[in-house]
Amino acid sequence: MIQIRPINAEQTLAIRQRVLWPQHSIEFCRVAEDQQAQHFGGWLDEDLVIVASLFTEQRQLRLRKFACLEQYQGRGFGRQLLQSLIEQHQHRGLERFWFDARCSAIGFYQSLGFSVCSDTFDKHGVAYVKMEQALTP
């Protein structure tokens with residue numbers, strides 16, 4: 001399995017760009033609020049293979065820019081990282097964990113207990129929905 005540890009925003013950028021928006025520049029993959037976020041990486045040996053960024057917004061936790069390098073997808077690393085993040089934040093007085101999910105990944109997120117809570121919408125030519133889960137202990 002992977003070693004999960006905090007990282008900084010700059011460490012997320014290469015994986016964000018390579019996995020989520022390869023047709024765009026690294027700058028496109030930045031989030032304006034990155035400096036206020038918590039960033040986590042999953043390491044396999046000495047290689048960073050998965051990243052996730054968490055933003056706290058009014059008693060809610062928002063996941064943004066969750067990405068795993070393609071050659072490591074399907075090995076359970078995404079599940080491991082998300083479950084770890086949920087466990088870490090369940091007892092912090094936050095009510096909800098939510099994010100915009102690519103429609104191609106809905107089944108993955110549903111298998112972790114997340115529910116679709118919006119209609120489909122478009123971001124830069126990719127279909128998304130909002131998904132959420134209560135964060136009660």
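Let's start at His39, which lies in strand 2. Strands here are DSSP runs of E with at least two residues, helices are runs of H or I with at least four, and both are numbered from the N terminus. Before going further, note that this is a predicted model, where local features need pLDDT of at least 70, side-chain atom pairs count only at pLDDT 80 or more, and totals for chains, interfaces and linings use all residues. Residues are numbered from 1 along each chain as its sequence is written, and side-chain values use heavy atoms, with hydrogens and water left out.

Back to His39. Is this residue buried or exposed? With a relative accessibility of 5%, His39 counts as buried, because buried means under 20% relative accessible area, while exposed means over 50% and partly exposed is in between (1.4 Å probe, protein chains only). Its side chain makes a polar contact with the side chain of Ser53, at 2.7 Å. A polar contact is a pair of N or O atoms within 3.5 Å; within protein, one must be able to donate a hydrogen and the other to accept it, and residues adjacent in sequence count only if both atoms are side-chain atoms. If you set aside neighbours within four places in sequence, His39 is in contact (heavy atoms within 4.5 Å) with a list of residues including Arg5, Pro6, Thr12, Arg16, Asp34 and Ala52.

Asp34 is worth a stop of its own. You'll find Asp34 in the loop between helix 1 (9-19) and strand 2 (38-44). Although a loop residue, Asp34 is buried, with a relative accessible area of 5%. Which side chain does the side chain of Asp34 make a polar contact with? The partner is the side chain of Arg16, at 2.9 Å. Not counting residues up to four places away in sequence, Asp34 touches Ala9, Arg16, His39 and Phe55.

Phe55 turns up again in the surroundings of Gln60, which touches Phe55, Leu94, Arg96 and Trp98 when residues up to four places away in sequence are not counted. Gln60 lies in strand 4 and is partly exposed, with a relative accessible area of 22%. For a sense of distance, take Gln60 and Pro22: they are 38 residues apart in sequence and 29 Å apart in space, C-alpha to C-alpha.

Arg59 is in the loop between strand 3 (47-56) and strand 4 (60-68), and its phi is near 65°, a positive value in a residue other than glycine. Arg59 is partly exposed, at 47% relative accessible area. His124 also has a positive phi, about 55°, although it is not a glycine. His124 sits in the loop between strand 7 (121-123) and strand 8 (126-134) and is exposed, with a relative accessible area of 52%.

Now for helix 2. Its 13 residues (77-89) should span 18 Å at 1.5 Å a residue, and the end C-alpha atoms are 19 Å apart, which agrees; the expected span is 1.5 Å times one less than the number of residues. Several residues of helix 2 are buried, among them Gly78, Leu81, Leu85 and His89. Phe77 is buried too, with a relative accessible area of 5%.

That brings us to the rings. A search of the whole structure finds 10 aromatic pairs. Rings of Phe, Tyr and Trp (its six-membered ring) pair if their centres lie within 6.5 Å; planes under 30 degrees apart count as stacked, over 60 as edge-to-face and the rest as tilted. Tyr72 and Phe77 form a tilted pair, 6.5 Å centre to centre with 35° between the planes. Phe97 and Phe99 form an edge-to-face pair, at 6.2 Å and 85°, and both are buried. Ring pairs also link Phe66, Phe97, Phe99, Phe108, Tyr109 and Phe114 into a cluster.

Charges meet rings as well. The charged end of Arg102 sits over the ring of Trp21, 4.7 Å from its centre; this requires NZ of Lys or CZ of Arg within 6 Å of the ring centre and within 35 degrees of the ring normal. Lys123 lies over the face of Tyr128, 4.8 Å from the ring centre.

Finally, the cysteines. How many disulfides does the structure hold? The count is 0, where a disulfide is a pair of cysteine sulfur atoms within 2.5 Å. Cys103 is in no disulfide, and the nearest cysteine sulfur, that of Cys117, is 12 Å away. Cys103 is partly exposed at 27% relative accessible area, and Cys117 is partly exposed at 35%.
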